[in-house]
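Student: I would like a close look at one part of this model. Please go slowly and keep to what can be seen there.

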Amino acid sequence: MRLYKKTGSTVHIISFPDEDVEKGCYLLIEDKRAGKSLIVQVIDIQFANVPGIMEELLREPLIDDPRGEDIDPFDITSHILYVQDARLLICKIHGTVRDNKIVSDTSWLPSRIHSAIYRLPVERLLEMASIVGAYPISLGETPEMSPVVIDASNLDGKLNIITGRKGVGKSHLSKLLVLGLVKHGATVIILDINGEYRNLGLNSNGEKNEFYNRIHVLVPRENFKVTLHQTGLSVMMRILVYALNLPGTSAREFKHIWHFLEERKMLSLHEIGEAIRRWQCNQQVKDALFSRYHTLLHTGFFTDNLEEAIGFEELLQEVEEEGGALVIDLSGSAPIERQIIVEYILAKLQDLLFQRRIMPIFLFAEEAHLYLRETYWDDIVTRMRHFGIFTTFITNQPNTIKESIYRQADNIFIFNFVNEHDLEFISRAAKVDAETLVSIVRDLPPHYCLVLGDVVKNFPVIVKVRPLNVQTMGETRLFFKERDANESRIKQEPTLHISQQAKTS
Ligand SMILES: Nc1ncnc2c1ncn2[C@@H]1O[C@H](COP(=O)(O)OP(=O)(O)O)[C@@H](O)[C@H]1O
Ligand SMILES: [Mg+2]
(Lines give C-alpha, C1' and ligand atoms only; values in the text may rest on other atoms or scores of the structure.)
(Ligands and ions follow the chains in the order given, each with its own letter.)
Protein backbone atom coordinates (compact mmCIF):
# COMPACT_ATOMS: atom_id res chain seq x y z
CA MET A 1 0.00 0.00 0.00
CA ARG A 2 1.18 3.49 -0.78
CA LEU A 3 0.18 6.82 0.64
CA TYR A 4 -1.25 8.94 -2.13
CA LYS A 5 -3.08 12.03 -0.92
CA LYS A 6 -4.39 13.82 2.14
CA THR A 7 -7.14 16.40 2.25
CA GLY A 8 -8.47 17.49 5.61
CA SER A 9 -9.04 14.42 7.70
CA THR A 10 -9.24 12.16 4.66
CA VAL A 11 -6.30 10.13 3.40
CA HIS A 12 -6.20 8.31 0.07
CA ILE A 13 -4.12 5.15 -0.10
CA ILE A 14 -3.37 3.04 -3.13
CA SER A 15 -3.71 -0.66 -2.50
CA PHE A 16 -2.75 -3.50 -4.81
CA PRO A 17 -4.87 -6.53 -5.70
CA ASP A 18 -3.00 -8.95 -3.43
CA GLU A 19 -3.52 -6.81 -0.33
CA ASP A 20 -6.38 -7.70 1.90
CA VAL A 21 -8.48 -4.75 3.06
CA GLU A 22 -12.16 -4.24 3.59
CA LYS A 23 -14.40 -1.39 4.56
CA GLY A 24 -14.23 -0.54 8.23
CA CYS A 25 -10.76 -1.99 8.86
CA TYR A 26 -7.98 0.08 10.37
CA LEU A 27 -4.54 0.77 8.91
CA LEU A 28 -1.37 2.11 10.42
CA ILE A 29 0.76 4.46 8.36
CA GLU A 30 4.11 4.08 10.04
CA ASP A 31 6.71 6.74 9.49
CA LYS A 32 9.87 5.29 11.02
CA ARG A 33 11.80 8.55 10.68
CA ALA A 34 9.17 10.50 12.54
CA GLY A 35 8.90 7.69 15.06
CA LYS A 36 5.13 7.59 14.98
CA SER A 37 2.23 6.16 13.03
CA LEU A 38 -1.05 7.53 11.85
CA ILE A 39 -4.20 5.48 12.58
CA VAL A 40 -6.70 5.58 9.73
CA GLN A 41 -9.93 3.72 9.05
CA VAL A 42 -10.92 2.57 5.57
CA ILE A 43 -14.39 3.92 4.88
CA ASP A 44 -14.63 3.23 1.17
CA ILE A 45 -12.83 1.21 -1.47
CA GLN A 46 -12.81 2.44 -5.07
CA PHE A 47 -10.91 1.64 -8.26
CA ALA A 48 -7.77 3.67 -8.72
CA ASN A 49 -8.46 5.97 -11.65
CA VAL A 50 -5.20 5.71 -13.54
CA PRO A 51 -5.10 7.86 -16.69
CA GLY A 52 -5.78 5.85 -19.83
CA ILE A 53 -7.41 2.98 -17.96
CA MET A 54 -10.63 3.25 -19.93
CA GLU A 55 -8.75 2.93 -23.20
CA GLU A 56 -6.90 -0.07 -21.83
CA LEU A 57 -10.16 -1.75 -20.81
CA LEU A 58 -11.69 -1.08 -24.21
CA ARG A 59 -8.69 -2.52 -25.98
CA GLU A 60 -8.49 -5.68 -23.96
CA PRO A 61 -10.98 -7.83 -25.94
CA LEU A 62 -8.88 -7.14 -29.07
CA ILE A 63 -5.68 -8.27 -27.36
CA ASP A 64 -7.36 -11.44 -26.18
CA ASP A 65 -8.26 -12.37 -29.77
CA PRO A 66 -7.11 -16.04 -30.11
CA ARG A 67 -6.23 -15.68 -33.80
CA GLY A 68 -3.27 -13.47 -33.10
CA GLU A 69 -0.16 -14.31 -31.24
CA ASP A 70 0.85 -12.41 -28.11
CA ILE A 71 4.16 -10.77 -28.37
CA ASP A 72 4.97 -9.43 -24.93
CA PRO A 73 8.67 -10.01 -24.32
CA PHE A 74 8.82 -7.69 -21.31
CA ASP A 75 5.66 -9.10 -19.75
CA ILE A 76 3.93 -5.74 -19.72
CA THR A 77 0.40 -7.14 -19.74
CA SER A 78 0.61 -8.53 -16.26
CA HIS A 79 1.77 -5.15 -15.00
CA ILE A 80 -1.06 -3.42 -16.78
CA LEU A 81 -3.54 -5.84 -15.28
CA TYR A 82 -2.07 -5.23 -11.87
CA VAL A 83 -2.53 -1.51 -12.29
CA GLN A 84 -6.02 -1.94 -13.65
CA ASP A 85 -7.03 -3.72 -10.50
CA ALA A 86 -5.38 -1.30 -8.10
CA ARG A 87 -7.71 0.15 -5.49
CA LEU A 88 -8.02 3.53 -3.95
CA LEU A 89 -8.76 3.37 -0.24
CA ILE A 90 -10.61 6.33 1.19
CA CYS A 91 -9.59 6.58 4.83
CA LYS A 92 -10.36 8.79 7.81
CA ILE A 93 -7.67 9.80 10.28
CA HIS A 94 -8.35 8.78 13.88
CA GLY A 95 -5.19 9.48 15.82
CA THR A 96 -1.53 8.75 16.19
CA VAL A 97 0.42 5.95 17.82
CA ARG A 98 3.60 6.96 19.54
CA ASP A 99 5.54 4.57 21.80
CA ASN A 100 2.69 2.10 21.61
CA LYS A 101 0.28 4.67 22.99
CA ILE A 102 -2.60 6.35 21.24
CA VAL A 103 -2.56 10.14 21.21
CA SER A 104 -5.09 12.32 19.51
CA ASP A 105 -2.54 14.26 17.46
CA THR A 106 -3.66 14.31 13.82
CA SER A 107 -1.84 17.38 12.62
CA TRP A 108 1.25 15.77 11.09
CA LEU A 109 1.80 14.24 7.70
CA PRO A 110 3.66 10.95 7.27
CA SER A 111 6.22 10.68 4.52
CA ARG A 112 5.03 9.31 1.21
CA ILE A 113 8.29 7.57 0.48
CA HIS A 114 9.43 6.38 3.87
CA SER A 115 6.22 5.23 5.43
CA ALA A 116 5.05 1.67 5.51
CA ILE A 117 1.35 0.95 5.58
CA TYR A 118 -0.11 -2.15 7.13
CA ARG A 119 -3.24 -3.40 8.70
CA LEU A 120 -3.94 -2.68 12.34
CA PRO A 121 -6.09 -5.49 13.73
CA VAL A 122 -9.11 -4.03 15.53
CA GLU A 123 -8.34 -6.28 18.48
CA ARG A 124 -4.94 -4.62 18.84
CA LEU A 125 -6.44 -1.15 18.42
CA LEU A 126 -9.05 -1.75 21.12
CA GLU A 127 -6.36 -3.16 23.36
CA MET A 128 -4.22 -0.06 22.93
CA ALA A 129 -7.26 2.12 23.56
CA SER A 130 -7.96 -0.06 26.64
CA ILE A 131 -11.71 -0.20 26.24
CA VAL A 132 -12.26 -3.01 28.74
CA GLY A 133 -12.23 -2.41 32.46
CA ALA A 134 -13.70 -4.14 35.47
CA TYR A 135 -17.17 -4.76 34.00
CA PRO A 136 -16.77 -6.53 30.67
CA ILE A 137 -19.71 -7.23 28.36
CA SER A 138 -18.93 -9.41 25.39
CA LEU A 139 -20.57 -7.83 22.36
CA GLY A 140 -19.52 -10.15 19.57
CA GLU A 141 -16.69 -10.13 17.11
CA THR A 142 -15.16 -7.96 14.42
CA PRO A 143 -15.37 -8.97 10.75
CA GLU A 144 -11.77 -10.22 11.31
CA MET A 145 -13.31 -12.56 13.90
CA SER A 146 -11.55 -11.16 16.92
CA PRO A 147 -13.68 -10.67 20.02
CA VAL A 148 -15.12 -7.27 20.93
CA VAL A 149 -15.63 -6.74 24.63
CA ILE A 150 -16.91 -3.42 25.93
CA ASP A 151 -17.11 -2.20 29.49
CA ALA A 152 -20.37 -1.61 31.31
CA SER A 153 -18.89 1.42 33.02
CA ASN A 154 -18.95 3.18 29.65
CA LEU A 155 -22.73 2.78 29.60
CA ASP A 156 -22.97 4.11 33.14
CA GLY A 157 -24.22 7.67 33.29
CA LYS A 158 -24.57 7.67 29.53
CA LEU A 159 -27.21 8.14 26.87
CA ASN A 160 -27.23 5.38 24.27
CA ILE A 161 -29.08 4.88 21.01
CA ILE A 162 -29.61 1.66 19.08
CA THR A 163 -31.01 2.17 15.61
CA GLY A 164 -31.30 0.42 12.26
CA ARG A 165 -34.02 -0.89 10.00
CA LYS A 166 -36.52 -3.56 11.04
CA GLY A 167 -35.33 -7.09 11.77
CA VAL A 168 -31.59 -6.43 11.79
CA GLY A 169 -31.01 -7.22 15.46
CA LYS A 170 -31.57 -4.04 17.47
CA SER A 171 -33.69 -5.61 20.18
CA HIS A 172 -31.29 -8.53 20.25
CA LEU A 173 -28.38 -6.20 21.02
CA SER A 174 -30.47 -4.39 23.58
CA LYS A 175 -31.20 -7.70 25.34
CA LEU A 176 -27.52 -8.52 25.29
CA LEU A 177 -26.71 -5.19 26.97
CA VAL A 178 -29.53 -5.65 29.50
CA LEU A 179 -28.22 -9.07 30.53
CA GLY A 180 -24.67 -7.75 30.63
CA LEU A 181 -25.69 -4.96 32.99
CA VAL A 182 -27.77 -7.31 35.14
CA LYS A 183 -24.84 -9.69 35.38
CA HIS A 184 -22.76 -6.90 36.87
CA GLY A 185 -25.47 -6.17 39.41
CA ALA A 186 -27.21 -3.18 37.85
CA THR A 187 -30.93 -2.42 37.97
CA VAL A 188 -32.47 -2.21 34.52
CA ILE A 189 -35.99 -1.10 33.65
CA ILE A 190 -37.30 -1.98 30.22
CA LEU A 191 -40.28 -0.32 28.59
CA ASP A 192 -41.19 -3.28 26.44
CA ILE A 193 -43.66 -2.25 23.77
CA ASN A 194 -43.69 -5.61 21.94
CA GLY A 195 -43.65 -7.88 24.97
CA GLU A 196 -40.43 -9.52 23.82
CA TYR A 197 -38.24 -9.21 26.92
CA ARG A 198 -40.35 -11.28 29.27
CA ASN A 199 -38.55 -14.55 28.66
CA LEU A 200 -34.99 -13.35 29.15
CA GLY A 201 -34.83 -15.71 32.10
CA LEU A 202 -35.27 -18.77 29.89
CA ASN A 203 -32.85 -20.51 27.53
CA SER A 204 -33.89 -20.97 23.94
CA ASN A 205 -34.98 -24.51 24.80
CA GLY A 206 -37.21 -23.25 27.60
CA GLU A 207 -35.06 -24.09 30.63
CA LYS A 208 -34.43 -21.56 33.37
CA ASN A 209 -31.11 -19.77 33.00
CA GLU A 210 -28.85 -17.96 35.46
CA PHE A 211 -30.98 -14.82 35.12
CA TYR A 212 -34.31 -16.48 35.86
CA ASN A 213 -34.67 -15.07 39.37
CA ARG A 214 -33.50 -11.64 38.34
CA ILE A 215 -36.01 -10.94 35.58
CA HIS A 216 -39.25 -9.52 36.91
CA VAL A 217 -42.05 -9.09 34.41
CA LEU A 218 -44.66 -6.50 35.30
CA VAL A 219 -47.85 -6.62 33.30
CA PRO A 220 -50.08 -3.62 33.98
CA ARG A 221 -53.55 -4.57 35.21
CA GLU A 222 -52.38 -8.16 35.83
CA ASN A 223 -49.53 -8.15 38.34
CA PHE A 224 -48.76 -4.45 38.17
CA LYS A 225 -51.37 -2.37 39.98
CA VAL A 226 -50.93 0.43 42.46
CA THR A 227 -53.01 2.17 45.08
CA LEU A 228 -53.55 5.91 45.21
CA HIS A 229 -51.51 6.11 48.41
CA GLN A 230 -48.55 4.51 46.68
CA THR A 231 -48.97 6.88 43.77
CA GLY A 232 -49.07 10.08 45.79
CA LEU A 233 -50.57 13.38 44.75
CA SER A 234 -47.60 14.77 42.83
CA VAL A 235 -47.32 11.72 40.57
CA MET A 236 -51.10 11.65 40.11
CA MET A 237 -51.09 15.30 39.10
CA ARG A 238 -48.45 14.62 36.50
CA ILE A 239 -50.53 11.80 35.09
CA LEU A 240 -53.64 13.99 34.97
CA VAL A 241 -51.95 17.03 33.52
CA TYR A 242 -49.47 15.47 31.10
CA ALA A 243 -50.95 12.13 30.08
CA LEU A 244 -54.62 13.14 30.31
CA ASN A 245 -54.36 16.87 29.52
CA LEU A 246 -56.42 18.04 32.47
CA PRO A 247 -56.76 21.86 32.34
CA GLY A 248 -55.47 24.03 35.18
CA THR A 249 -58.72 24.91 36.94
CA SER A 250 -59.87 21.33 37.03
CA ALA A 251 -56.45 20.22 38.20
CA ARG A 252 -56.77 22.60 41.14
CA GLU A 253 -60.17 21.19 42.05
CA PHE A 254 -58.75 17.70 41.87
CA LYS A 255 -56.08 18.66 44.36
CA HIS A 256 -58.75 19.94 46.74
CA ILE A 257 -60.67 16.70 46.42
CA TRP A 258 -57.53 14.65 47.07
CA HIS A 259 -56.63 16.67 50.19
CA PHE A 260 -60.22 16.55 51.41
CA LEU A 261 -60.28 12.75 51.19
CA GLU A 262 -56.78 12.33 52.53
CA GLU A 263 -57.57 14.36 55.65
CA ARG A 264 -60.54 12.10 56.33
CA LYS A 265 -58.44 8.99 55.60
CA MET A 266 -60.88 8.10 52.85
CA LEU A 267 -58.56 8.25 49.84
CA SER A 268 -59.65 5.61 47.33
CA LEU A 269 -60.70 5.38 43.72
CA HIS A 270 -64.26 4.78 44.75
CA GLU A 271 -64.36 7.79 47.07
CA ILE A 272 -62.83 10.06 44.44
CA GLY A 273 -65.70 9.16 42.11
CA GLU A 274 -68.22 9.92 44.83
CA ALA A 275 -66.50 13.16 45.77
CA ILE A 276 -66.48 14.44 42.19
CA ARG A 277 -70.20 13.72 42.03
CA ARG A 278 -70.92 15.74 45.18
CA TRP A 279 -68.30 18.44 44.70
CA GLN A 280 -69.51 22.03 44.47
CA CYS A 281 -67.97 23.32 41.27
CA ASN A 282 -69.00 24.33 37.80
CA GLN A 283 -70.31 21.71 35.44
CA GLN A 284 -67.45 21.96 32.97
CA VAL A 285 -64.90 21.26 35.66
CA LYS A 286 -67.00 18.38 36.90
CA ASP A 287 -67.21 16.90 33.38
CA ALA A 288 -63.49 17.30 32.86
CA LEU A 289 -62.78 15.54 36.16
CA PHE A 290 -65.23 12.76 35.45
CA SER A 291 -63.83 11.97 32.04
CA ARG A 292 -60.28 11.68 33.46
CA TYR A 293 -61.55 9.68 36.40
CA HIS A 294 -63.18 7.17 34.09
CA THR A 295 -60.06 6.85 31.98
CA LEU A 296 -58.06 6.11 35.13
CA LEU A 297 -60.63 3.53 36.22
CA HIS A 298 -60.62 1.81 32.83
CA THR A 299 -56.86 1.37 32.68
CA GLY A 300 -57.22 -1.05 35.59
CA PHE A 301 -53.80 0.13 36.70
CA PHE A 302 -55.09 1.66 39.94
CA THR A 303 -56.70 -0.35 42.68
CA ASP A 304 -58.10 0.12 46.17
CA ASN A 305 -57.18 -3.41 47.14
CA LEU A 306 -53.85 -3.45 48.99
CA GLU A 307 -53.54 -7.20 48.47
CA GLU A 308 -53.19 -6.91 44.72
CA ALA A 309 -51.15 -3.70 44.68
CA ILE A 310 -47.44 -3.78 44.13
CA GLY A 311 -44.97 -1.60 45.98
CA PHE A 312 -42.86 -0.23 43.16
CA GLU A 313 -40.32 1.22 45.56
CA GLU A 314 -39.98 -2.00 47.57
CA LEU A 315 -39.66 -3.99 44.38
CA LEU A 316 -36.88 -1.72 43.15
CA GLN A 317 -35.05 -2.00 46.43
CA GLU A 318 -35.35 -5.77 46.31
CA VAL A 319 -34.03 -5.92 42.73
CA GLU A 320 -31.19 -3.64 43.69
CA GLU A 321 -29.74 -6.22 46.08
CA GLU A 322 -28.17 -8.41 43.43
CA GLY A 323 -29.13 -6.62 40.25
CA GLY A 324 -31.98 -7.44 37.95
CA ALA A 325 -34.36 -6.30 35.29
CA LEU A 326 -37.91 -5.03 35.59
CA VAL A 327 -39.66 -5.68 32.31
CA ILE A 328 -42.70 -3.45 31.94
CA ASP A 329 -44.78 -5.29 29.38
CA LEU A 330 -46.72 -2.60 27.54
CA SER A 331 -47.75 -4.85 24.67
CA GLY A 332 -51.31 -5.28 25.91
CA SER A 333 -51.91 -1.66 26.79
CA ALA A 334 -53.74 0.96 24.75
CA PRO A 335 -51.79 4.13 23.89
CA ILE A 336 -53.36 6.23 26.64
CA GLU A 337 -52.70 3.48 29.20
CA ARG A 338 -49.07 3.29 28.13
CA GLN A 339 -48.69 7.00 28.66
CA ILE A 340 -50.22 6.80 32.11
CA ILE A 341 -48.00 3.90 33.12
CA VAL A 342 -44.83 5.45 31.74
CA GLU A 343 -45.68 8.75 33.41
CA TYR A 344 -46.14 6.85 36.67
CA ILE A 345 -42.86 5.00 36.35
CA LEU A 346 -40.74 7.99 35.36
CA ALA A 347 -42.29 10.28 37.95
CA LYS A 348 -41.81 7.63 40.64
CA LEU A 349 -38.22 6.98 39.61
CA GLN A 350 -37.40 10.67 39.69
CA ASP A 351 -38.89 11.08 43.15
CA LEU A 352 -37.11 8.01 44.52
CA LEU A 353 -33.78 8.97 42.99
CA PHE A 354 -34.10 12.55 44.16
CA GLN A 355 -34.66 11.34 47.71
CA ARG A 356 -31.78 8.89 47.28
CA ARG A 357 -34.02 5.99 48.17
CA ILE A 358 -32.78 3.90 45.23
CA MET A 359 -29.54 3.51 43.28
CA PRO A 360 -29.20 4.91 39.74
CA ILE A 361 -30.93 2.79 37.12
CA PHE A 362 -30.61 1.94 33.45
CA LEU A 363 -33.72 2.51 31.36
CA PHE A 364 -34.25 0.75 28.02
CA ALA A 365 -36.99 2.27 25.90
CA GLU A 366 -38.14 0.62 22.67
CA GLU A 367 -39.89 2.93 20.20
CA ALA A 368 -40.20 5.58 22.85
CA HIS A 369 -42.11 8.01 20.62
CA LEU A 370 -45.14 5.79 21.14
CA TYR A 371 -45.44 6.61 24.83
CA LEU A 372 -42.99 9.31 25.83
CA ARG A 373 -44.39 12.80 26.01
CA GLU A 374 -42.66 15.59 24.16
CA THR A 375 -41.11 17.34 27.16
CA TYR A 376 -39.56 14.15 28.52
CA TRP A 377 -36.99 13.84 25.74
CA ASP A 378 -34.91 16.77 26.83
CA ASP A 379 -35.53 15.90 30.44
CA ILE A 380 -34.06 12.46 29.92
CA VAL A 381 -30.77 13.77 28.59
CA THR A 382 -30.43 16.48 31.20
CA ARG A 383 -32.30 16.39 34.47
CA MET A 384 -33.06 12.68 34.63
CA ARG A 385 -29.54 11.77 33.72
CA HIS A 386 -28.36 14.00 36.52
CA PHE A 387 -30.61 12.16 38.99
CA GLY A 388 -29.42 8.78 37.80
CA ILE A 389 -31.64 7.49 34.97
CA PHE A 390 -29.44 6.38 32.11
CA THR A 391 -31.44 5.76 28.99
CA THR A 392 -30.96 3.59 25.93
CA PHE A 393 -33.35 4.37 23.09
CA ILE A 394 -34.08 1.67 20.55
CA THR A 395 -35.85 2.58 17.33
CA ASN A 396 -36.19 1.67 13.67
CA GLN A 397 -37.36 5.16 12.79
CA PRO A 398 -34.34 7.33 13.46
CA ASN A 399 -36.24 10.56 12.87
CA THR A 400 -38.51 9.91 15.85
CA ILE A 401 -35.53 10.88 17.99
CA LYS A 402 -34.62 14.53 17.86
CA GLU A 403 -31.33 15.62 16.36
CA SER A 404 -30.32 17.24 19.62
CA ILE A 405 -30.66 13.88 21.38
CA TYR A 406 -28.32 12.22 18.87
CA ARG A 407 -25.78 14.95 19.42
CA GLN A 408 -25.81 14.31 23.12
CA ALA A 409 -25.71 10.54 22.81
CA ASP A 410 -22.55 9.02 24.25
CA ASN A 411 -22.88 5.73 22.42
CA ILE A 412 -24.65 4.91 19.17
CA PHE A 413 -25.08 1.41 17.79
CA ILE A 414 -26.15 1.66 14.15
CA PHE A 415 -27.36 -1.32 12.17
CA ASN A 416 -28.08 -1.32 8.46
CA PHE A 417 -30.29 1.28 6.81
CA VAL A 418 -31.10 1.29 3.14
CA ASN A 419 -33.39 4.27 3.11
CA GLU A 420 -31.35 7.30 1.99
CA HIS A 421 -33.50 9.58 4.07
CA ASP A 422 -32.82 7.67 7.29
CA LEU A 423 -29.13 7.49 6.51
CA GLU A 424 -28.95 11.18 5.85
CA PHE A 425 -30.78 11.95 9.06
CA ILE A 426 -28.46 10.03 11.33
CA SER A 427 -25.32 11.11 9.55
CA ARG A 428 -26.32 14.70 10.21
CA ALA A 429 -27.02 14.01 13.83
CA ALA A 430 -24.34 11.58 14.97
CA LYS A 431 -21.04 12.79 16.28
CA VAL A 432 -18.91 10.83 13.82
CA ASP A 433 -18.25 12.27 10.37
CA ALA A 434 -21.10 11.72 7.94
CA GLU A 435 -18.99 10.04 5.28
CA THR A 436 -17.81 7.25 7.58
CA LEU A 437 -21.29 6.58 8.76
CA VAL A 438 -23.13 6.54 5.45
CA SER A 439 -20.48 4.58 3.64
CA ILE A 440 -20.20 1.83 6.26
CA VAL A 441 -23.80 1.55 7.42
CA ARG A 442 -25.19 1.18 3.93
CA ASP A 443 -23.35 -2.11 3.46
CA LEU A 444 -23.82 -3.72 6.87
CA PRO A 445 -25.39 -7.19 6.76
CA PRO A 446 -28.04 -8.10 9.40
CA HIS A 447 -26.66 -8.64 12.93
CA TYR A 448 -23.70 -6.36 12.19
CA CYS A 449 -23.59 -2.90 13.68
CA LEU A 450 -21.32 0.08 13.67
CA VAL A 451 -20.46 1.05 17.22
CA LEU A 452 -19.65 4.67 17.90
CA GLY A 453 -18.82 6.52 21.07
CA ASP A 454 -17.37 6.01 24.51
CA VAL A 455 -17.60 2.22 24.64
CA VAL A 456 -15.07 2.04 21.79
CA LYS A 457 -13.20 5.21 22.78
CA ASN A 458 -14.51 6.91 19.66
CA PHE A 459 -12.95 4.48 17.22
CA PRO A 460 -15.86 3.41 14.99
CA VAL A 461 -15.89 -0.38 15.00
CA ILE A 462 -17.98 -2.86 13.05
CA VAL A 463 -19.24 -5.67 15.27
CA LYS A 464 -21.05 -8.88 14.46
CA VAL A 465 -23.30 -9.16 17.48
CA ARG A 466 -23.04 -12.54 19.15
CA PRO A 467 -26.03 -14.88 19.44
CA LEU A 468 -27.80 -15.21 22.78
CA ASN A 469 -29.02 -18.39 24.32
CA VAL A 470 -32.27 -16.91 25.59
CA GLN A 471 -35.82 -16.84 24.34
CA THR A 472 -35.63 -13.54 22.54
CA MET A 473 -39.18 -13.68 21.15
CA GLY A 474 -38.22 -11.04 18.61
CA GLU A 475 -39.76 -12.93 15.75
CA THR A 476 -42.76 -11.47 14.03
CA ARG A 477 -45.63 -13.88 13.50
CA LEU A 478 -45.97 -14.70 9.84
CA PHE A 479 -49.07 -15.92 8.08
CA PHE A 480 -47.57 -18.29 5.52
CA LYS A 481 -45.00 -19.68 7.91
CA GLU A 482 -47.63 -20.45 10.54
CA ARG A 483 -50.08 -21.91 8.07
CA ASP A 484 -47.45 -24.17 6.51
CA ALA A 485 -46.31 -25.30 9.95
CA ASN A 486 -49.91 -26.12 10.87
CA GLU A 487 -50.44 -28.03 7.65
CA SER A 488 -47.30 -30.09 7.99
CA ARG A 489 -48.30 -30.92 11.55
CA ILE A 490 -51.65 -32.16 10.34
CA LYS A 491 -49.93 -34.27 7.68
CA GLN A 492 -47.66 -35.81 10.28
CA GLU A 493 -50.55 -36.86 12.48
CA PRO A 494 -53.06 -38.28 9.98
CA THR A 495 -54.08 -41.21 12.17
CA LEU A 496 -55.06 -38.93 14.96
CA HIS A 497 -57.29 -36.96 12.64
CA ILE A 498 -58.92 -40.04 11.21
CA SER A 499 -59.66 -41.40 14.63
CA GLN A 500 -61.00 -38.01 15.68
CA GLN A 501 -63.19 -37.95 12.62
CA ALA A 502 -64.41 -41.41 13.42
CA LYS A 503 -65.36 -40.28 16.88
CA THR A 504 -67.26 -37.25 15.72
CA SER A 505 -69.13 -38.99 12.91
N1 LIG B 1 -26.65 -11.33 16.56
C2 LIG B 1 -27.64 -12.19 16.35
N3 LIG B 1 -27.41 -13.51 16.35
C4 LIG B 1 -28.41 -14.38 16.16
N5 LIG B 1 -29.69 -14.04 15.95
C6 LIG B 1 -30.00 -12.74 15.94
C7 LIG B 1 -28.99 -11.75 16.15
N8 LIG B 1 -29.58 -10.56 16.07
C9 LIG B 1 -30.88 -10.78 15.85
N10 LIG B 1 -31.15 -12.08 15.75
C11 LIG B 1 -32.46 -12.67 15.49
O12 LIG B 1 -33.04 -11.97 14.37
C13 LIG B 1 -34.40 -11.69 14.60
C14 LIG B 1 -34.67 -10.19 14.53
O15 LIG B 1 -33.92 -9.54 15.53
P16 LIG B 1 -34.50 -8.34 16.38
O17 LIG B 1 -33.46 -8.00 17.39
O18 LIG B 1 -35.85 -8.64 16.90
O19 LIG B 1 -34.59 -7.23 15.25
P20 LIG B 1 -35.06 -5.72 15.36
O21 LIG B 1 -35.30 -5.41 16.80
O22 LIG B 1 -33.94 -4.95 14.77
O23 LIG B 1 -36.29 -5.61 14.52
C24 LIG B 1 -34.75 -12.27 15.96
O25 LIG B 1 -35.36 -13.51 15.78
C26 LIG B 1 -33.41 -12.41 16.64
O27 LIG B 1 -33.41 -13.49 17.57
MG1 LIG C 1 -37.05 -4.91 17.76
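Student: In which loop is the place of Met145?

Tutor: This is a predicted model, so read what follows as features of a prediction. Met145 sits in the loop that runs between strands β8 (136-141) and β9 (147-151). Look at its backbone. Met145 is not a glycine, yet its phi is positive, about 70 degrees. Now check its surroundings. Met145 has 8 other C-beta atoms within 10 Å, so it is exposed. The cut-off for exposed is 12 or fewer.

Now take Arg356. Arg356 also has a positive phi, about 55 degrees, and is not a glycine. Its loop lies between α11 (335-354) and β14 (361-366). Arg356 counts as exposed because it has 9 C-beta neighbours inside 10 Å.

The largest nonpolar core has 124 residues. Leu27, Val178, Val188, Ile190 and Cys449 touch the most other members. Helix α4 (residues 170-183) gives this core its largest share, seven residues. Leaving aside residues up to four places away in sequence, its contacts include Gly164, Leu173, Phe413, Leu444 and Val465.

Finish with helix α16 (residues 434-441). Its buried residues are Thr436, Leu437, Ser439, Ile440 and Val441. They pack against several elements, among them the strands β4 (36-47), β5 (87-98) and β17 (448-453), and the helix α15 (420-429).

Methods: Residues are numbered from 1 along each chain as its sequence is written. Chains are lettered from A and ligands numbered from 1 in the order in which they are written. This is a predicted model: local features need pLDDT of at least 70, side-chain atom pairs count only at pLDDT 80 or more; totals for chains, interfaces and linings use all residues. A nonpolar core is a set of buried Ala, Val, Leu, Ile, Met, Phe, Trp, Tyr and Cys residues joined through C-beta atoms within 7 Å. A residue is buried if 20 or more other C-beta atoms lie within 10 Å of its own, exposed if 12 or fewer, and partly exposed in between; C-beta atoms are placed from the backbone. Helices (H or I, at least four residues) and strands (E, at least two) are DSSP runs, numbered from the N terminus. Two residues are in contact if their C-beta atoms, placed from the backbone, lie within 7 Å.
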